[in-house]
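My notebook is open and the viewer is running. Here is what I looked up, one entry at a time.

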Amino acid sequence: MKRVYLDHIAATPLAPGVLEAMLPFFGERFGNAQSLHSDGQAAAEAVEEARASVARLVNASPAEIIFTSSGSEANNLAVKGLAQAQRARGNRIVISAVEHPSVLNAAKSLEKLGFAVTLIPVDGTATVDPQAVARALTKDTVLVSVMLANAEVGTIEPVAEIAKIAKAGGALVHTDAIAAAGNIPVDVRALGVDALSLAGDQFSGPKGAAALFLRKGVRPLPLIDGGVQESGRRAGTENVPAVVGLGKAADLALAGLAAWEEKARTLRDRLLDELPARVPRVRVSGDRARRLPHQASFLVEFVEGEAMLLSLDMKGIAVSSGSACSSKSLKASHVLLAMGIDHATAQGSIVFSLIETTTGEDIDAVLEAFPPIIDRLRKMSPLYTEFLKENAR
Amino acid sequence: MIYSDKVMEHFSNPRNVGVLTDADGIGQVGNPVCGDMMSFYIKVKDGRLSDIKFQTFGCGAAIAVSSMVSEMAMGKTLAEAKAITNEKVAEELGGLPKNKLHCSNLGADALHAAIKDFEDKAAGRTKDAGAAAAGETEEHEDECCCPYCDGPLEGMESACHHCEIDLVECEACGKYTNKNDPTCVNCGAKLGPAAATK
């Protein structure tokens with residue numbers, strides 16, 4: 001059976017050419033980028049080329065890019081590193097309620113160090129109101145962190161507006177652009193942010209290769225102390241093959257961005273339009289217009305997400321869900337709850353995410369497989385029986 | 001695969017799905033908050049379970065557990081059916097992932113609730129008295145059990161040790177709710193900023 005993989009927010013295969021670019025650095029070009037001999041310098045050159053590529057992807061200068069081992073590390077370095085470096089100025093940080101756990105839990109960890117954290121609520125589309133950020137700002141606010149796009153519900157946040165307000169209030173601004181970078185145009189200057197996280201595995205680069213943009217002059221307290229790698233902001237021998245892969249993927253993503261957005265949006269819109277048309281009581285989660293081009297997420301009433309996920313998997317289709325049962329902690333998605341969605345409906349979360357190689361046939365396969373699966377699960381569901389009874393009255 | 005072949009087989013082809021409109025006993029456990037909800041319907045003839053049907057809202061494990069319980073109990077005497085435990089069901093399914101053992105493994109409880117409903121009716125206990133008694137138990141359970149997975153709590157803990165949800169007492173109704181939610185799961189009251197930011 002041909003697999004239809006539509007969980008690219010979880011993982012992407014390498015784009016053509018990325019593995020080939022990486023391979024020499026496992027073998028003949030194995031040098032340590034800090035070594036002064038020519039073997040070391042060959043590695044160092046490759047790292048700097050990759051830095052320039054990543055910088056181009058987000059319109060930054062190469063010196064403003066720090067490589068990290070994951071998007072989570074980039075978010076941690078931004079939130080913990082910037083807050084702690086600003087400690088003398090104040091001890092409050094402001095984040096949105098729908099941030100990734102690597103921002104939310106980094107903030108929690110700052111609370112233990114004596115920081116105060118303000119959570120900005122979101123509306124029913126998971127959008128952060130810039131005016132709510134304005135109201136939350138206090139004199140002692142040193143950092144505002146709001147994501148550029150939410151992977152789970154697809155919503156793109158008004159980060160440029162938020163940054164303007166936060167900067168006027170004297171706070172630094174970080175945005176987690178991990179779901180966005182490589183999939184929509186991202187320009188750190190236009191956004192006006194001081195820090196921005198991105199990760200290669202969101203745009204067909206290798207896993208374990210990510211980066212943090214830090215505007216010139218902005219210094220974090222390092223998470224990892226050690227040598228002088230990454231200008232002393234992130235110690236540890238550079239993972240040269242991963243960094244090279246990230247650079248190559250950034251080049252490819254930037255070159256193909258306009259075409260990819262257009263193609264992804266066309267395929268995604270078929271899902272957003274046709275799934276709710278084919279199955280009643282299914283609605284799109286997140287904002288319909290301000291949305292990642294490659295993401296389609298839904299709330300399916302009366303059924304539970306993991307049961308949908310397993311059923312689709314048996315039909316060869318890989319998807320994701322934000323239901324409590326499909327998470328290891330069995331907690332309902334904090335994103336959906338923050339949007340004001342009740343627990344039962346949040347259980348029916350299902351997320352499709354596309355990639356360059358996704359075809360119209362893949363979308364056809366989903367549209368065909370989905371209705372009978374939901375029909376079968378609803379026939380088993382006491383909530384659906386209850387709903388039918390109430391409707392009959 | 002996170003589940004055994006047996007779990008997947010029961011999930012794909014669950015036995016005895018449905019509703020018995022003329023049921024002798026009905027049992028319901030769980031709630032959508034914890035993710036799993038099961039309704040069991042039984043017919044009793046000559047002291048044996050002559051028919052069983054169930055409906056389940058929940059994950060793969062919850063559906064497989066319900067199916068397995070219905071199969072294990074079919075045709076059994078009430079005493080035999082009462083002796084089926086959640087642990088035995090999990091064992092018959094070739095085991096369940098650790099984090100699903102409590103939350104999704106409620107099938108035997110739902111069956112036992114249906115048998116109790118039958119016995120209460122047979123003993124001539126009026127519906128009102130039965131409902132009042134159930135209400136009492138429920139209230140008692142609210143105090144001692146996690147609202148998300150129904151797991152027993154000692155009281156005073158800051159997290160449920162069964163499903164690992166962070167718990168806090170709602171200021172409005174005094175019951176346990178998820179500390180990280182904007183509103184109380186029991187009464188819908190907005191949780192204080194102290195709870196929300198922690």
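**Entry 1: a sheet of three.** Which order do the 3 strands of the open sheet in chain A have? I found β9-β10-β12, with antiparallel pairing. Strands here are DSSP E runs of at least two residues, helices are H or I runs of at least four, and both are numbered from the N terminus. Two strands pair if DSSP finds at least two bridges between them. At the edges stand β9 (282-284) and β12 (349-353) of chain A, each with a single partner strand, so one side of each is left without a neighbour in the sheet. From one strand to the next, the twist averages 25 degrees; the axes are lines fitted to C-alpha atoms, for helices over the stretch in contact, and angles run from 0 to 180 degrees between N-to-C directions. I also looked at β10 (residues 295-300) of chain A, which 5 bridges join to β12(A). Leu299(A) stands opposite Ser349(A) there.

**Entry 2: ground rules.** I noted that this is a predicted model, where local features need pLDDT of at least 70 and side-chain atom pairs count only at pLDDT 80 or more, while totals for chains, interfaces and linings use all residues. Residues are numbered from 1 along each chain as its sequence is written, and chains are lettered from A and ligands numbered from 1 in the order in which they are written.

**Entry 3: confidence.** The model scores ipTM 0.88 and pTM 0.87. Contact is counted if two C-beta atoms, placed from the backbone, lie within 7 Å. Where pLDDT is low, the predicted coordinates should not be read in detail.

**Entry 4: a sheet of seven.** Chain A also has an open sheet of 7 strands, in the order β2-β8-β7-β6-β5-β3-β4, with mixed pairing. Its edges are β2 (65-68) and β4 (116-120), each with a single partner strand, so one side of each lacks a neighbour in the sheet. I followed β3 (residues 92-96) of chain A, which pairs with β4(A) in the parallel sense over 5 bridges. Ile95(A) is opposite Leu119(A) in β4(A).

**Entry 5: the core.** Which residues touch the most other members of the largest nonpolar core? They are Val58(A), Ile93(A), Ala211(A), Phe213(A) and Ile42(B), in a core of 172 residues. Such a core is a set of buried Ala, Val, Leu, Ile, Met, Phe, Trp, Tyr and Cys residues joined through C-beta atoms within 7 Å. A residue is buried with 20 or more other C-beta atoms within 10 Å of its own, exposed with 12 or fewer, and partly exposed in between. Leaving aside neighbours within four places in sequence, Phe213(A) has contacts that include Val58(A), Ala60(A) and Val188(A).

**Entry 6: two positive phi values.** Most residues other than glycine have a negative phi. Asn59(A) has phi near 60 degrees and sits in the loop between α2 (38-57) and β2 of chain A. Ser231(A) has phi near 55 degrees. Is Ser231(A) buried or exposed? With 10 C-beta neighbours inside 10 Å, Ser231(A) counts as exposed.

**Entry 7: where the chains meet.** I saw 29 residues of chain A in contact with 28 of chain B. On the chain A side, α9(A) gives the most, with 4 residues.
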